[in-house]
Amino acid sequence: MKRFSRTMGLILSVIMVLFVMAACSGNNNEKPSNSSASPADTAAGSGNAAASDKPAEDYAYGEDVTFHSNEPVTYSMMFSDNEGYPYKKDWRIWSAIQEKTNVSFDLSVVARTEYENQKSLLVNSGDAPYIIPKTYDESAFVAGGQIVPISDYVQYMPNYQKAVKAWGMEDDLKAKMQANGKYYVLPGMWEAPGGGYSFVIRKDIFEKAGVDLSKETSWTYEDFYAAMKKVKDFTGAKYVFSDQSKGESTLNIAAVEYGVTAGWGKANGMRFNQDSKQFEFADNTQDFKDYVSYFNKLITEGIMDPESFTQEDDAAKAKFYKGDTYVINANYQVFTDIQTKMEDPNAQLMIITPPGGPKGQLQVENSRLENGIMISENALKDLGEEKFIKMLRFVDWLWYSDEGQTLSLWGVEGETFTKDASGKITLNPDITYNGMNPTATKKLNADYGFGGGVFAYGGTTKLRQSKMTDGEIDFNNRILNNRTARPVAPPIMASADESEQLNLISKPLMDYVGTMTLKFITGQEKIDNFDNFVKQVQANGSDRYAQMANDIFNKTKSILGY
């Protein structure tokens with residue numbers, strides 16, 4: 001009996017030692033996710049090896065926890081190489097990410113202009129890298145089965161889930177759903193929508209012409225017309241407004257205020273009626289007639305240059321730089337560049353609040369989603385589920401944690417920026433970025449790799465405003481304080497076959513609408529012939545498209561919460 005007791009005591013002592021050693025080997029700095037993770041995942045997130053048969057992870061992760069792999073790891077990734085700040089192997093961003101996380105990249109570097117084509121080739125051939133960022137439209141890749149339905153895995157991404165919950169992104173994310181109720185891209189997410197595009201004006205000339213700019217936050221497009229008419233009368237200029245981007249941006253932002261679609265936002269011509277909860281074809285309605293009539297008035301009265309819809313950007317800018325015209329469309333980044341190139345040293349510029357219209361004083365930008373990240377099925381196949389989830393938690397940290405987003409945007413604290421007690425970020429004076437420190441010799445994106453489009457998008461309003469000048473903050477605040485947010489329309493969750501049928505209707509239909517839009521505006525087609533246009537649009541399938549869209553919506557609206 002004594003021998004048995006001594007033996008049992010020895011065994012129990014060994015077990016206790018092993019238990020303590022196992023407990024000490026866990027990731028004690030991990031923090032459980034707040035997401036609705038599976039029981040196995042919850043055990044993994046807590047670092048509690050005793051709660052699961054799975055071994056403790058060899059990495060740290062969690063909400064507001066720095067991802068760090070105990071062992072070096074490399075993930076393959078596509079990289080869109082922007083000619084404005086071309087890729088460098090020795091950029092500081094690569095070593096900064098590696099120092100923080102012990103992760104490096106095996107990059108497939110592709111010129112920005114070829115990125116979409118190369119992405120299609122790699123994905124469709126089954127040779128895609130694991131991580132595919134800078135994806136604006138993932139729909140073409142869903143049916144091929146080469147992209148992970150990432151909504152099945154977001155429960156493993158605590159920082160992503162935190163942003164969704166804190167910022168109420170659920171309705172925004174519905175816009176990414178496919179016919180099966182899943183989504184296939186991790187979009188960049190902003191706490192609030194951005195400023196987008198508006199009109200840069202010669203403030204000094206408008207004021208000399210007697211325009212009261214103190215009231216511009218309440219302007220409609222008719223008010224903007226009246227202001228430009230005053231400028232034309234005062235200056236005697238041939239045209240007040242000559243546009244860049246072939247008018248596509250202007251047509252887009254004005255269309256929002258008229259309840260139609262055009263320009264960059266032409267898409268399929270549909271709008272969603274929030275009262276009837278049905279889709280309607282917008283671009284052959286009375287609203288559309290009012291819309292094209294407005295721009296026709298600008299052309300007819302010599303306020304807008306008809307070359308706006310055909311000229312190259314440099315031609316439009318040259319007219320504005322020289323003082324031949326006094327209005328041009330731009331976003332704030334382009335606005336800051338325009339300011340440096342004005343030939344009149346006394347020129348004063350202003351980017352106005354985007355005007356309202358018949359549908360109200362509406363925010364143009366209603367989506368808080370950015371381009372996003374697709375994950376190749378190769379990652380799941382090659383890594384296996386556990387290591388695949390590990391990679392997702394790295395992606396979660398780099399693209400969705402405040403720490404990762406700050407690193408991607410600003411770089412390394414003490415090296416490229418400083419931060420005061422309130423959290424305000426100040427770029428080092430010898431580095432320039434986004435109009436800051438314009439005379440500095442080093443560029444944050446070109447020389448360091450930070451602030452680029454592959455990593456630096458999404459985040460809090462505070463982070464977004466940290467890269468803005470006081471002028472841009474004012475521009476954004478004017479929009480947020482004086483324009484009403486628009487609800488996000490639900491997606492048309494078509495199957496592959498339905499999408500093909502819709503595309504067969506939409507492409508010729510919208511090509512015709514686009515052509516006729518410019519003809520009405522420039523006077524090549526008389527507004528009096530609008531009824532004939534309506535009939536032709538219907539003959540081209542507008543009613544059929546709307547009916548199909550509503551049939552699909554009615555089948556899927558329960559998934560979307562309608």
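Hi everyone, let me start with a term: a residue is buried when its relative accessible area is under 20%, exposed when over 50%, and partly exposed in between, with a 1.4 Å probe and protein chains only. On that scale, buried residues make up 51% of the 562 residues in this protein.

Two housekeeping remarks before we go on. This is a predicted model, so to speak of a local feature we need pLDDT of at least 70, and side-chain atom pairs count only at pLDDT 80 or more, while totals for chains, interfaces and linings use all residues. Residues are numbered from 1 along each chain as its sequence is written, and side-chain values use heavy atoms, with hydrogens and water left out.

Now the overall picture. Taken along the principal axes, the C-alpha atoms fill a box of roughly 110 × 55 × 40 Å. The protein has 21 helices and 16 strands; these are DSSP runs numbered from the N terminus, H or I with at least four residues for helices, and E with at least two for strands.

Let's look at one sheet. Strands of a sheet pair through backbone hydrogen bonds, either parallel or antiparallel. For pairing, DSSP has to find at least two bridges between two strands. Here we have an open sheet of three strands, in the order 10-7-11, with antiparallel pairing. Which strands stand at the edges? They are strand 10 (327-331) and strand 11 (349-351); each has a single partner strand, so one side of each is left without a neighbour in the sheet. On average, neighbouring strands of this sheet are turned by 30° against each other, direction ignored; the axes behind that angle are lines fitted to C-alpha atoms, for helices over the stretch in contact, and angles run from 0 to 180 degrees between N-to-C directions. Strand 7 (residues 197-202) and strand 11 run antiparallel and are joined by three bridges. One of the residues involved is Arg202, whose bridge partner in strand 11 is Leu349.

On to salt bridges, meaning a side-chain nitrogen of Lys or Arg within 4 Å of a carboxyl oxygen of Asp or Glu. The count by this rule comes to 30. Let me walk you through a few.

Glu83 and Arg112 meet through their side chains, at 2.7 Å from N to O. Glu83 sits in the loop between strand 3 (73-81) and helix 3 (92-101), and Arg112 in the loop between strand 4 (103-111) and helix 4 (115-125), so this pair ties together parts that are 29 residues apart in sequence. Glu83 counts as exposed, at 52% relative accessibility, and Arg112 as partly exposed, at 40%.

Next, Glu99 forms a salt bridge with Arg92, with the closest N and O atoms 3.2 Å apart. Glu99 is exposed, at a relative accessible area of 55%, whereas Arg92 is buried, at 17%.

Then there is Glu498 with Lys555, where the closest N and O atoms are 2.7 Å apart. How many residues apart in sequence are the parts that this pair ties together? The number is 57, with Glu498 in helix 19 (residues 496-522) and Lys555 in helix 21 (residues 542-560). Glu498 is buried, with a relative accessible area of 16%, and Lys555 is exposed, with 56%.

There is also a network of salt bridges, linking Arg271, Glu280, Asp287 and Lys359.

Ser245 is not a glycine, yet it has a positive phi of about 55°. Lys246 is not a glycine either, and its phi is positive too, at about 50°. Ser245 lies in the loop between helix 9 (221-235) and helix 10 (248-258), and Lys246 has its place in the loop between helix 9 and helix 10 as well. Buried or exposed, what is Ser245? It is buried, with a relative accessible area of 19%, while Lys246 is partly exposed, with 32%.

Last stop: the second largest pocket. On a 1 Å grid over the protein atoms alone, a pocket is an open set of points, where a 1.4 Å probe fits, with protein on both sides within 12 Å along at least five of seven lines, and lining residues have an atom within 4 Å of a point. This pocket has a volume of about 480 Å³, volume being the space filled by probe spheres set on the points. It is lined by 20 residues, and Lys424, Ile425, Thr426, Gln465 and Ser466 lie nearest its centre. Helix 15 (402-410), strand 14 (425-427), helix 17 (461-466) and helix 18 (470-482) each give two or more residues to the lining. Helix 17 gives the most, with four residues. By class, the lining has seven nonpolar, eight polar and five charged residues; Ala, Val, Leu, Ile, Met, Phe, Trp, Tyr, Cys and Pro count as nonpolar, Asp, Glu, Lys and Arg as charged, and the others, Gly among them, as polar.
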